[in-house]
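This briefing concerns the protein chain displayed below. The points that follow are grouped by topic and are meant to be read with the structure in view.

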Amino acid sequence: MGRSGVQVNKAHKTRVSSKSSRNLHKTSLQDRGRIGKPEGNHVKGAKAARLQRAKMVREQKRAAVLKEKRESGGLSSAPRVIVLFPLSASVDLNSLGEDVLKLLSTDGDVTSSSTVASSEHKLRTTVLKAPHGDLLTCMEMAKVADLIAFVASANEDISSLIDSFGSQCLSVLRSIGLPSTAVLIRDLPSELKKKNKLKKMCASRLASEFPKDCNFDPADTTDELHQFMGLLKAQRLSVPHWRKQRPYVMAQKVGMLVDDTTPGKCTLLLSGYLRARKLSVNQLLSKVEVLKDPFPLLNERRKQNSMELDDSHDEEVLRSLVPDPMKQEPLVTENTPDPLEGEQTWPTEAEMAEADRNQKQGKPKKRSLPRGTSEYQAAWIIDEIDEEDSDNGDSYDDRMVLDRGEDHYSNQDQDFEDDKETLYVQDMDNETHNDSEMMDDETLTREQYEDQIKKIKEAHAEDEEFPDEVETPIDQPARKRFAKYRGLKSFRTSPWDPNESLPQDYARIFAFDNVARTQKLVLKQALKMEEEEEESRDDCVPTGSYVRLHIKEVPLVAASKLSSIVSTKPIIAFGLLQHESKMSVLRFSLKKYDGYEDPIKTKEELMFHVGFRQFVARPVFSTDNISLDKQVMERFLHPGRFSLASVYGPISFPSLPLVVLKISDADAPAFAAFGSLKSIEPSKIVLKKIILTGYPQRVSKMKASVRYMFHKPEDVRWFKPVEVWTKCGRRGRVKEPVGTHGAMKCIFNGVVQQHDVVCMNLYKFDINF
């Protein structure tokens, strides 16, 4: 029974009592029936801070969404760019473009301008038609598109809705980053049942090529286009993140002002809407003018859809901005090297005295003495032994330098160290008849010698598993031909100085001490300028303004060409972040396009599209292994995996998408590879690897006489410190040369087969691209 006036229900049977039931004795009788959540703000300490922080994050996200919605669909926002992209050559874009412009026009007539303002839909739109077969124009249109409307024709067979060029362009657009997408299906039958059935079939066929949130809409009648424009107005458009970091202008008009003081150059005038970010006049511009909006979105506006843009003298200038010479960023692309920097100077008297002191205090030269010789007996022995050692061809001065790593070797190196004792034990055995017998090819003529080498090379051509194999020239010493190469004890741990043997071009580029920190500071500075109020900055133009950019010292030929193609191709002017006008060494993560069958050689001329930028470069391909500080150069870009491409190029802060095109004089540009910008690292080591091969002539267990790797005994002595290995997995060392034709005796850590091939790895720092 419960108390009078208080309802008491049967307790719930639980194994673990709740917190409220445990604290029930602490409450008064009248509050026991409502012992739920605490009233008021009774939360204290760290929990209160977490709740407050979560609330602030929610409010910031809500404010950011509202701001983005106002900027993209408000009266002061730039017109939305819709790109109509045909999936096949049979799609008629001209009729669809005319229907869309007619629908958005106030008077219902087709306008000559691609930008219209619709009072009915409260929307300003720029409609672009991508030409089928022009890959470069399609790429440039996709870089500025807010919405890409892919158009398919239902008259085609269901299996051929996308042709080869459409499939290639889809791959390119995915590499760049797709904005909001939609698919418009044309040429559907008028009967409703057949129309819905065919639409479902087309949508099912195309669904795998587009994002999951992509809509498939018919676009034959005016009502269907009205419905599509309504969805466009309500849709929250998304663009790739790299487009939000930099201001850009898609020029709707291009002009030029010729200056007589600078022959051959002029001032380029670009007029268009500013998008994405605020633009500072101090960014390499001579002047910025804010013009009156030619396409205002008002309820009581004049019929301006059928009018073209006025000339420059008729355009009303609302505001003019001139750069501050103290704040304007200088146009610096290359560093000016000091020719005297790093030059060796004559030592001072103090340095010479210190060198003499060090020489006197140095260790005495170690002499080779017979075993058991005492110190007294050694004083009576003349330096005949030392002279003989100095004359011997096996002296250390006549050997190639072998870079040894630290005490950390790879698994194969450790196996070879374990077998070292076996090698030296075999070395102390009785010499076989091969040690003193001359090789069989000592009596051969030069022609017979070359023919024999050719026959052996052809016999092993089927077993060509290593593309880095090179032949040692006969008419040139190997120590001179491969003078820039060296051996490595361990590729993983052996040191290599990245500042050694740098080319002259490296003195003209820029490098950062910490790229990540610099990028963070630059982006933070750009975001700070974006968040500042317009009244506090008199050198910035807000987003959505119709501006005219003055770019000085532009070649007259380039300005004339831009003026002639502005009506058919998009002209994009974009702002740069700090340091992005300078040159450095860029590293790209690159993968070959599956549809491109021709080989791509290293240092081959390619066109790189990095974000808004495009430039021509000759990349050096290498392996992409993040666990090593050294990378091996690749002679070709191999399909099916990512490689590292190193080029000289303008600095761009990652990450940015990359599209690589192969340019040829006869054919149109072909999509060759894709990837992204990985880092800015001039100090990264890229080594060119070559493999010298030889063939065993006589084999005696772990010993072998190897020929045709070198052709002179001096070359054998020079490369003697470098380790050798075989294709069957044996590892060994060079013992001594044999004969006068470059044959040598090698000792391995296991039994060598007669059909095996002996190899030697050599590396060179290759950064000439």
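Cysteine 202 is buried, its relative accessible area being 1%. The model is a predicted one, and it contains 0 disulfides. Within the protein chain there are 17 helices and 31 strands, and buried residues account for 42% of its 769 residues.

**Cysteines**

- A disulfide is a covalent bond that joins the sulfur atoms of two cysteines.
- Cysteine 138 has its closest cysteine sulfur in cysteine 169, at 4.6 Å, which is too far for a bond.
- The cut-off for a disulfide is a pair of cysteine sulfur atoms within 2.5 Å.
- Cysteine 138 counts as buried because its relative accessibility is 5%.

**Packing of helix 4 and helix 5**

- Two packed helices are described by the angle between their axes together with the distance between those axes.
- For helix 4 and helix 5 (residues 164-176), the angle is about 35° and the axes lie 10 Å apart.
- The crossing of helix 4 with helix 5 is right-handed.
- On the helix 4 side, the contact is formed by Leu135, Cys138, Met139 and Ala142; on the helix 5 side, it is formed by Phe165, Gln168, Cys169, Val172, Leu173 and Ile176.
- Sorted by class, this contact of helix 4 with helix 5 comprises 9 nonpolar residues, 1 polar residue and no charged residues.

**Glutamate 140**

- Glutamate 140 belongs to helix 4, which spans residues 135-144.
- With a relative accessibility of 15%, glutamate 140 counts as buried, since the cut-off for buried is under 20% relative accessible area.
- Leaving aside residues up to four places away in sequence, glutamate 140 touches Pro570, Ile572, His609 and Gln614.
- The C-alpha atom of glutamate 140 is separated by 8.2 Å from that of isoleucine 571, although the two residues are 431 residues apart along the chain.
- Across the protein chain, among contacts with a separation of 6 or more, 78% are between residues 24 or more positions apart.

**Packing of helix 3 and helix 7**

- Helix 3 (residues 93-104) and helix 7 (residues 222-234) have axes that come within 11 Å and cross at roughly 70°.
- The two helices, helix 3 and helix 7, are therefore roughly perpendicular to each other, as angles of 65 to 115 degrees count as roughly perpendicular.
- Helix 3 and helix 7 form a right-handed crossing.
- Leu96, Asp99, Val100, Leu103 and Leu104 of helix 3 meet Thr222, Leu225, His226 and Met229 of helix 7.
- The residues in this contact of helix 3 with helix 7 fall into 6 nonpolar, 2 polar and 1 charged.

**Backbone features in loops**

- A cis peptide bond, with omega near 0°, runs from proline 654 to serine 655.
- Serine 655 is located in the loop between strand 23 (642-650) and strand 24 (657-662).
- Lysine 701 is not a glycine, yet it has a positive phi of about 55°.
- The loop that holds lysine 701 lies between strand 26 (685-700) and strand 27 (703-707).
- Lysine 701 counts as exposed, because its relative accessibility is 65%.
- Tyrosine 708, also not a glycine, has a positive phi of about 70°.
- Tyrosine 708 sits in the loop between strand 27 and helix 17 (713-718).
- At 3% relative accessibility, tyrosine 708 is classed as buried.

Terms used:
Residues numbered from 1 in each chain as written. Predicted model: local features only at pLDDT ≥ 70, side-chain atom pairs only at ≥ 80, totals over all residues. Heavy atoms only, no water. Axes fitted to C-alpha atoms, helices over the stretch in contact; angles between N-to-C directions. Helix = DSSP H or I, 4+ residues; strand = E, 2+ residues; numbered from the N terminus. Parallel < 35°, antiparallel > 145°, perpendicular 65-115°, else oblique. Left-handed = near helix turned anticlockwise from the far one by under 90°. Contact = heavy atoms within 4.5 Å. Nonpolar A, V, L, I, M, F, W, Y, C, P; charged D, E, K, R; others polar. Buried < 20%, exposed > 50% of the residue type's maximum accessible area, 1.4 Å probe, protein only.
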